[in-house]
Amino acid sequence: MSSSQHIDNPDVVLIGSGVMSATLGAVLKNLQPDLKIQLYEVTEELAQESSNGWHNAGTGHAGICELSYTSDRGADGEVDVTKAIEIFEQFEQSKYFWGYAVRNGMIDDPKKFLNPLPHIAFVYGQEQVDFLKSRHAGMSAHHFFSSMEYTDDRETIRDWAPLLLAGRDDTPIAATKMDRGTDVNFGALSELLVEWLGQQDGCGYALRHRVTDLTRTPEGWAVEVKDNKTGRKFTNQTKFVFIGAGGGSLPLLQKSGIAESKGFRRIPYRRPMARVSTNRNS
Ligand SMILES: Cc1cc2nc3c(=O)[nH]c(=O)nc-3n(C[C@H](O)[C@H](O)[C@H](O)COP(=O)(O)OP(=O)(O)OC[C@H]3O[C@@H](n4cnc5c(N)ncnc54)[C@H](O)[C@@H]3O)c2cc1C
């Protein structure tokens, strides 16, 4: 279902209804309430791609359990936790915005998209155990992560997450746990924010509408759109475009011709033929 209004010649066109466009639209409308915004989404429902609750892990990325944010070693050979601290701070800012959205009636019930959930990081093998121990030492020294617990005791890990021990051999293992983690359904959040946006004066969203081209004009951009339900093609003029099209962003960015679009390419994709293999390396 699209919003009841379609905005011609808006100030901003948002492409895609995932968490990026949804968040930007909601922030812009709050900062400048007279802004006219039109969002286009090619699928039949809001936020069905990466942001959908079934298509990502759903951890609020606060740097707590995402080990990739602490993959570097510092000059002293210990794990460098700088990136995790940055990520935690960014996630706190997201929470401030969501709190604002709830207090101001943009979102009726925060439980629809956000719930507290302990975050556990788990490793196995002595090298990884040493890594986690160093990571924990660095992180728990900062007040963001001071409540993070570390253990290499199997019974404690069993207590935290019993299935991690089921059928496991005696390879060394370790884990950290922090109760202050969050579970976020980014798809539900996107839906709530886009629906709110569609109810505001001068704003609308249209489903089953694919943006097919972008052309620079003296005033901003001519956005080519195809209504997939009726087949109608039309152009909407706007001052600003945000390409929040997830995996569909790159072709649109390249069509825009802006300097920032240079230097990227997509890896050619060939649909694999169905096959059955008994060799895991084949
Ligand atoms: C397996 C996996 C696990 C992840 N885990 C986490 C996690 O735990 N925590 C976390 O924070 N992040 C996680 N992420 C990342 C996160 O899901 C994405 O970064 C985020 O959802 C991207 O949002 P988006 O709005 O950019 O894109 P999307 O949510 O993909 O939205 C893009 C939208 O644009 C639409 N669209 C595309 N082309 C067009 C067009 N031409 N015209 C109109 N509409 C168009 C699409 O239909 C889609 O609805 C994970 C991602 C993956 C793949």
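**View 1. Helix α5 of the predicted model, residues 186–198.** Helix α5 counts 13 residues, and the distance from its first C-alpha to its last is 18 Å. This is close to the 18 Å expected at 1.5 Å a residue.

View 2. Eleven of the 13 residues of α5 are buried, so the helix is largely enclosed by the rest of the structure. The buried residues are F186, G187, L189, S190, E191, L192, L193, V194, W196, L197 and G198.

**View 3. Domain 1 and domain 2 of the protein chain.** Domain 1 is made of two stretches, 12–52 and 186–261, while domain 2 covers 67–183. The centres of the two domains, taken over C-alpha atoms, are 34 Å apart. Contacts between the domains involve six residues of domain 1 and five residues of domain 2. On the side of domain 1 that touches domain 2, α5 supplies the largest share, five residues. By class, this side has six nonpolar residues, with no polar and no charged ones.

**View 4. The shell of residues around the ligand.** The ligand is surrounded by 29 residues, and the closest are G16, G18, N56, G246 and G248. Two elements, α1 and β9 (209–216), each give two or more residues to this shell. The largest share, three residues, belongs to α1. Sorted by class, the shell holds eleven nonpolar, 15 polar and three charged residues.

Terms used. Residues numbered from 1 in each chain as written. Predicted model: local features only at pLDDT ≥ 70, side-chain atom pairs only at ≥ 80, totals over all residues. Helix = DSSP H or I, 4+ residues; strand = E, 2+ residues; numbered from the N terminus. Expected span 1.5 Å × (residues − 1). Buried ≥ 20, exposed ≤ 12 C-beta atoms within 10 Å, placed from the backbone. Near = placed C-beta within 6 Å. Nonpolar A, V, L, I, M, F, W, Y, C, P; charged D, E, K, R; others polar. Domains from an automatic or database assignment. Contact = placed C-beta atoms within 7 Å.
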